[in-house]
Amino acid sequence: MKALKNKIKKKKWNAPQAKRKLYKLHSEFVLLRDRRTCQWCGKNGLNPITGKPFKFDCSHLLPREILITAFDPMNGQTLCFSCHKVAHFRSWHQNPLAAAKWIRNKIGDEVCDRLLTLGETPYEFTEAEAIRIESDLKQKISALQKQREDENRGCSSQPGSKASSLPRQEQAT
Ligand SMILES: [Zn+2]
């Protein structure tokens, strides 16, 4: 613990760098939780044209610049690139009212309201906060990874179970 403290003291804290790291971890968690499946259109697996896995984004419900909610698991949804930004009139960003309705159905009014209230709360992104968020996200990721491994093991002994429909690229990436 002492060694860790000394290490922190020596290096000047770099907030933008810390944010980048947390955005990445948060996105990793959200994509893993959503099984790399677009929550808007259900797309997953491999792109039949390129043969490569589809590209997915972690889309933020409240803008990611609002740091108090930026790394909240409930503030992220997995979307394919097309649904996120491209598809005319039906993409997330081009049809905010449809997106708002969909979000309320998806995560519920209570969570929506919690995020909205939090988003208006004054907040200071400090080094201690960054450390707390990082450790929380890492714990959540490893718990989910373990859960998925267990599911995969269960899947081989129980053909036809729900786990057998896991997108294939999940382990490859
Ligand atoms: Zn999609």
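Modeller: Helix α5, residues 96–119, has 24 residues, yet its end C-alpha atoms are only 18 Å apart. A straight helix would reach 34 Å at 1.5 Å a residue, and α5 falls short of that. The place to look is G108, where α5 bends by about 105 degrees.

The buried residues of α2 are L22, H26, S27, F29 and V30. They cover an arc of only 160 degrees around the axis, which means that they lie on the same side of α2. On the face turned away from that buried side, α2 carries the exposed residues Q17, R20 and K24. After α2 comes R35, with a positive phi near 55 degrees.

The strands can be taken together. Strand β1, residues 56–60, pairs with strand β2, residues 76–80, in the antiparallel sense over 5 bridges. Within this pairing, D57 stands opposite L79 of β2. β1 is mostly covered, with 4 of its 5 residues buried. In a regular strand, side chains alternate between the two faces of the sheet. The burial count for β1 takes in 4 of 5 residues.

Read from the N terminus, the elements run α-α-β-α-β-α-α-α-α. Of the 173 residues, 20% count as buried. Among contacts between residues at least 6 apart in sequence, 66% join residues at least 24 apart.

Confidence comes last. The mean pLDDT of the chain is 87, and 83% of the residues reach 70 or more. Over residues 159–173, however, the pLDDT is below 50. That stretch still has 22 contacts in the model beyond near neighbours in sequence. Where pLDDT is low, predicted coordinates should not be read in detail.

Note on methods
Residues numbered from 1 in each chain as written. Predicted model: local features only at pLDDT ≥ 70, side-chain atom pairs only at ≥ 80, totals over all residues. Helix = DSSP H or I, 4+ residues; strand = E, 2+ residues; numbered from the N terminus. Expected span 1.5 Å × (residues − 1). Bend = angle between axes of the 7 residues up to and from the residue. pLDDT = per-residue confidence, 0-100. Contact = placed C-beta atoms within 7 Å. Buried ≥ 20, exposed ≤ 12 C-beta atoms within 10 Å, placed from the backbone. Pairing = 2+ DSSP bridges. Arc of directions from axis to C-beta.
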